[in-house]
Amino acid sequence: MHIVLTPLTLAPFSYAKLTFNEHNEPTNLDFNDVYFSDAGGFEETKHVFIAGNNLKERFSTNDYKDFVILETGFGTGSNLITLMNFTQSLAKKPKHISFLSFELMPLSKDDFFKAHKFTPFNKEAQKVINAYTVASLKSGLNIIPIDKNFTLYLIIGDIVTTIKAIDSKLSDKVDAVFLDGFAPKQNEAMWSVEVFKALHDLLTPEASLATFSVARMVREHLQACNFTLQKRPGFGRKREMLVAYPIF
Ligand SMILES: C[S@@+](CC[C@H](N)C(=O)[O-])C[C@H]1O[C@@H](n2cnc3c(N)ncnc32)[C@H](O)[C@@H]1O
């Protein structure tokens, strides 16, 4: 993907404080929330983000050279790892996937490794862990090659500032969005009108967005930014999830 950011002055970042809760799930101490659930977190990614964005159908009916996915909240990279594993089984897929993700407080290399002690997709997890641990992470844009089919574009800093720095006229547009902040009440910035407005400017007309949250605030903010919403059955104990499409 071609991506152009306007010059930004960002403060040096702090690493996340990682712990494991009573269910052994990797948890962020500042937000007091889990990165992903060990009870089906990978299945949840497939249900909410991969199926929510109809990736299998879209990949099988289009010849994508470079498919761009934008994720809010890189965390442990588990969505990326699950996506890589999912594409293995497909007869037809994009030549390349650019995974553009935002992160306020990245995990340290040691913690990134620890967060994957129970990850089932060894081959893909190892590739992402290796790429993450050799990268010299800095505030702003980090381009991290994973393999010939995947590149991670990791933007470190507060998404409220960094997403607005992407020049939507000079950058390649985004085909699908994984909205994956911490719970909206604890992480309001990630679900703000400011972020959704900038996000809308980055999308192709065919783009879709999926998220686990159907919180009223999330729905209202998406609608205020010209998205049309669709509720779908949620994963596990969550009754509903949300899919959205930009209106132009
Ligand atoms: C639910 S976790 C994401 C899980 C992740 N997708 C994974 O696969 O592990 C939410 C992430 O959003 C990040 N985050 C929270 N507020 C942010 C902000 N204002 N800007 C950028 N990232 C933020 C957190 O640090 C955390 O890594």
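## Around the ligand

In total, 25 residues surround the ligand, and the closest are G73, G75, T76, S78 and L104. Here a residue is near a molecule if its C-beta atom, placed from the backbone, lies within 6 Å of it.

The shell has 12 nonpolar, 9 polar and 4 charged residues. Ala, Val, Leu, Ile, Met, Phe, Trp, Tyr, Cys and Pro count as nonpolar, Asp, Glu, Lys and Arg as charged, and the others, Gly among them, as polar.

## About the model

This is a predicted model, in which local features need pLDDT of at least 70, side-chain atom pairs count only at pLDDT 80 or more, and totals for chains, interfaces and linings use all residues. Residues are numbered from 1 along each chain as its sequence is written.

An open sheet of 3 strands runs in the order β1-β2-β3, with antiparallel pairing. Two strands pair if DSSP finds at least two bridges between them. β1 (18–20) and β3 (33–34) stand at the edges with a single partner strand each, so one side of each has no neighbour in the sheet.

Between β1 and the antiparallel strand β2 (residues 26–28) there are 3 bridges. F20 stands opposite P26 in β2.

Terms used. Helix = DSSP H or I, 4+ residues; strand = E, 2+ residues; numbered from the N terminus.
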